[in-house]
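This briefing covers a ligand site and a nonpolar core. The model is shown first, followed by the points grouped by topic.

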Amino acid sequence: MFRRKTKGRSVLDLVSDFGGQLPTAAPIKHGTDRRAEAALIRADTPRRGRSLPGHGWSPMAAPLAVYRASTAEVGGVFPLLASNGLPPTGALMGYDSLSAGGFYVDPVGWVLSQTVTNPNLIFFGKPGQGKSTTVKAFLLRMMLFSARTLIAGDVKGEYESLCRAVGSEPIALGLGLPVRINPLDLGPLGTGWDRLSTIERESRAALIFARWVVLLKALVGARDVIVSPSDESALTTVLGELSGWSRGGGMLRTVTIPQVHDALARPTLELARACRYPDIQSMIDATRQVTDALGGLVRGALSGLFDAETTVRLDWSSPIQSLSLRRLDELGDEVVGVALACVNSWSRAMTDLRRPGEITIVVRDEVWRQMRLGVGAVQSLDADLRLSRNDGEIQIVVAHKPSDLLSVGDAGSQEVSIAKDMMALCDTKVMFAQDPTIADELRDLVGLSDLARDWVCGWARQRTGRAVWMVGDRVFKVTTVRTPVEAPLFDTNAALMAE
Ligand SMILES: Nc1ncnc2c1ncn2[C@@H]1O[C@H](COP(=O)(O)OP(=O)(O)OP(=O)(O)O)[C@@H](O)[C@H]1O
Ligand SMILES: [Mg+2]
């Protein structure tokens, strides 16, 4: 039976507003023994539980109200409110504030059930709102499903404690350290090259060359030099010559960026002719800007880090591997941006060719620092997402605001449309707290409803860890919950507190 409250409106009033009618209690049949009937439906447990360990004894009786309603109404009464839920598979991240149920994240499962079209996630949010914490919780919880993670550039060194907690030592890049990464590595696509058929070699070489050229364009663009179609063709020819591919015979060897710079700065007549210049001097004059931009990087941001053969091997038996760029932070924004572009491109190469059924997660945190390099950097990230294989590889991109991706070009320009396309390459958008103006940008970019926009600049701001999750076209209000064991591993404020 519904009890009518003395204050406020009752469920009965609410239901009748919508034309519903709650059933009344069935009349008691004459001669029915009410106590016997009540005993039939009463649980065999005292009201305050049993006073035994693990039996849920409570010092007070639970203030339960008794309701009687048909299933049509019960579905709409909290806490029985059911959202358009996702299956409880994958990593349990926290709770869904609309349904009060657990919220599970399973990007690969979502693709299989056609909830989303790709397993990639993009995170937006003001600094300090819990983006990285949620990513770390997801990585740790996905380890239960044998997922392996690569942090493609940990700018703040904040994934290091998580790596060490699961027994993996992060790979540290920094001046004076022995680790070198050659972003023009062949990667796993180059293994067993001699045994590959001609057709397979050609298709793999096309992938490798595409990645190399996109990266070189991004690097040159970092120096505010626009790569013309002729420059691009010269770069492709130089790469073909240096790698031995253009000589025929199906051979392909690794190239380094200083080699590319040397070939452009001091071309042979053969190379100049292959690039369709009449003589050496014409080639030098025509490609001078690209050559000088690369030269500056070889002497500057790339030097001692990305200018020689790779000295590390990734260990895919480890649940998480991280390329820590913490030591580069003091060298300035250009170095960090260039390092991120190199590490991202290299990571893409390293995750090519995986066994079917394996889940690999590639995390690109703080991408805005790479985006600032310009159009080429956006194209490079776009290519990383587009060309990454969709067979169990989850890409996670962490940005601050939509303009991280859009500020590289004038409104309506080709670059802005690339940035918008990139949103489609991440079918799950996770939106932490934003200021109202940025929330408006998000609404326009990802197609949020006005209600969800208000959650982003209202509800989400009231507590760290709260975010609006847009999974395909479904929207959820989710709070990430850290366990006591995880909290110290994930905390980025620990350093501030200790000071
Ligand atoms: N779910 C949560 N529950 C409780 N506290 C949290 C939660 N998420 C984050 N925090 C707190 O907020 C701090 C900042 O979180 P985090 O580093 O994840 O933010 P961020 O959005 O990645 O910031 P930035 O943009 O600066 O990288 C954490 O160190 C932690 O103290
Ligand atoms: Mg962060």
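A nonpolar core is a set of buried Ala, Val, Leu, Ile, Met, Phe, Trp, Tyr and Cys residues joined through side-chain atoms within 4.5 Å, where buried means under 20% relative accessible area (1.4 Å probe, protein chains only). This is a predicted model, in which local features need pLDDT of at least 70, side-chain atom pairs count only at pLDDT 80 or more, and totals for chains, interfaces and linings use all residues. Residues are numbered from 1 along each chain as its sequence is written, ligands are numbered from 1 in the order in which they are written, and side-chain values use heavy atoms, without hydrogens and water.

**Nonpolar core**
- The largest nonpolar core has 66 residues, and L239, V260 and V338 touch the most other members.
- Helix α13 (333-350) provides the largest share of this core, 10 residues.
- Domain 2 (91-179 + 312-498) and domain 3 (187-292) each give this core at least three residues; the domain bounds come from an automatic or database domain assignment.

**Ligand 1 site**
- Ligand 1 has 18 residues around it (a heavy atom within 4 Å), and G128, T133, K156, D491 and T492 come nearest.
- By class, this shell holds one nonpolar, 11 polar and six charged residues, with Gly counted as polar and Asp, Glu, Lys and Arg as charged.
- Helix α5 (residues 131-142) gives the largest share of the shell, three residues.

**Atom pairs and burial**
- Polar side-chain atoms of T133 and K156 lie 2.6 Å and 2.7 Å, respectively, from an oxygen atom of ligand 1.
- A backbone N or O atom of T480 lies 2.9 Å from a nitrogen atom of ligand 1.
- The protein buries 88% of the 630 Å² that ligand 1 exposes when taken alone (Shrake-Rupley method, 1.4 Å probe).

How values were computed:
A polar contact is a pair of N or O atoms within 3.5 Å; within protein, one must be able to donate a hydrogen and the other to accept it, and residues adjacent in sequence count only if both atoms are side-chain atoms. Helices (H or I, at least four residues) and strands (E, at least two) are DSSP runs, numbered from the N terminus. Buried means under 20% relative accessible area, exposed over 50%, partly exposed in between (1.4 Å probe, protein chains only).
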